[in-house]
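Biologist: Could you take one part of this model and look at it closely, giving the cut-off behind each term as you go?

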Amino acid sequence: MARILIEGGHRLEGSVRVSGAKNAVLPILAASLLAAEGISEIDEVPHLLDVENMANTVAALGAVVEWKRGGVRINAQNIHSVTPPYDLVRRMRASFVVAGPLLARFGEASIALPGGCNIGPRPVDLHIKGLEAMGAKATVENGFVHLKAPAGGLRGARIYLDIPSVGATQNIMMAAALAEGQTVIENAAKEPENVDLANYLNAMGARVRGAGTDIIRIDGVDVMHGASHSVIPDRIEAGTFLVAGALMGNGLYVENAVSQHIMSLIAKLEEAGAQIEDRVDGIKVWPCESGRMRPLDVKTHYYPSYPTDMQAQMLAALTVASGTSTVTETVFENRFMHVAELQRMGANIHIEGRTAVVDGVDRLSGARVTSTDLRAGAALVIAGLMADGLTEVHGLHHIDRGYDNLVGKFQAIGAKIERYDDEETIPLRAESAG
């Protein structure tokens, strides 16, 4: 019965620091498996359920994983298995990225088809297509993908991705690092997290060029070693606080946010009337002078377009905009499950295919709601911050997958928000009832 209780209407001010990027640290942990010698020191590692699951997956394969303040130390010299435990893999889709490193270094891998948020099908066929182009043989049996490299190891290849899949780009890039010859990935994903992975691979001795563009070239090397690396800030966490600050802020400074990573979001917030100031080590946001955001038309797409991972948070913000907005989701087909929960709080939203039409209301009302996926959980917290009365958010395991100390960070900037992990009494409810 873990839940978050929020008393809405309190202004947010001061400074909040963004943690390391979840979507960068997960493939970086997987990439540590490529190191046949030396130890990797990875800093700015957020305390998240997904990160813990990936670290446990790497450890289950034989790596020695030591947690340290703000990061992890990994020794992957003595890997003894190429089959991650099913119980760990089924918890998140990102776990499939261990396939590329295992296949490249050991010539085989057996990975259970993964789990994760229920936001629509995210098949691993592009991963397999890329690995097969490098000579691997893939078979699917009993819910597992079995991969085996040819006798001479993986070979470099020219690989075109039908869509710029982040995970497939990562898996192919890691596999290619130890392949013979050059691999060229065309229509590659351009996300900053993939650039961060490429930087880590290069620190380990790989030769990766072009990360951040749609063509990545990897020249294979014979051996890789451990390296030190600091993970980039989480652009989705930064965006979540920027949206909250645009709604309820009083000059909120989002420290460690990198504006170049979220230009599409910043553009939309400014279009809605928010004031944004880009600073050397962060971003400051003020709400609209009128007190209400102007309506927007938002369409998600692959980076650098508007991110699907910021769709739910923006949709929550637009529920109280001064007019009619549209939010179109083009990346995942089942990513409007939070709409029903926002409607419970008084939002006026109706779905037309892949578009949510949002007629702004004067206010939301607190209600008991349940998170349906990671970013939906953040959206419900934002809704609760601006709603009248009390909002009780359940389904916190989703939030725990991707936000490091979300409640504590909001408390530090003025939100009246508490987390309860058992049946203890709820003081906020008692105060309100009185």
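Modeller: Lys409 counts as buried because its relative accessibility is 13%, where buried means under 20% relative accessible area with a 1.4 Å probe and protein chains only. The model is predicted, with local features needing pLDDT of at least 70 and side-chain atom pairs pLDDT 80 or more, while totals for chains, interfaces and linings use all residues. Numbering runs from 1 along each chain as its sequence is written, and side-chain values use heavy atoms, without hydrogens and water.

Lys409 belongs to helix H14, residues 406-412, a helix being a DSSP run of H or I with at least four residues, numbered from the N terminus. Beyond the neighbours within four places in sequence, the contacts of Lys409 (heavy atoms within 4.5 Å) are Val16, Arg17, Val18, Ser19, Glu237, Phe241 and Asp404.

Turning to another helix, H7 covers residues 192-203, and its 12 residues should span 16 Å at 1.5 Å a residue, which agrees with the 17 Å between its end C-alpha atoms; the expected span is 1.5 Å times one less than the number of residues. Within H7, the buried residues are Pro192, Glu193, Asn194, Asp196, Leu197, Ala198, Tyr200 and Leu201. After H7 comes Gly205, which has a positive phi near 110°.

To return to the residue you now have in view, Lys409 is thus a buried residue at 13% relative accessibility, placed in H14 and in contact with residues that include Val16, Glu237 and Asp404.

How values were computed
Helices (H or I, at least four residues) and strands (E, at least two) are DSSP runs, numbered from the N terminus. Buried means under 20% relative accessible area, exposed over 50%, partly exposed in between (1.4 Å probe, protein chains only).
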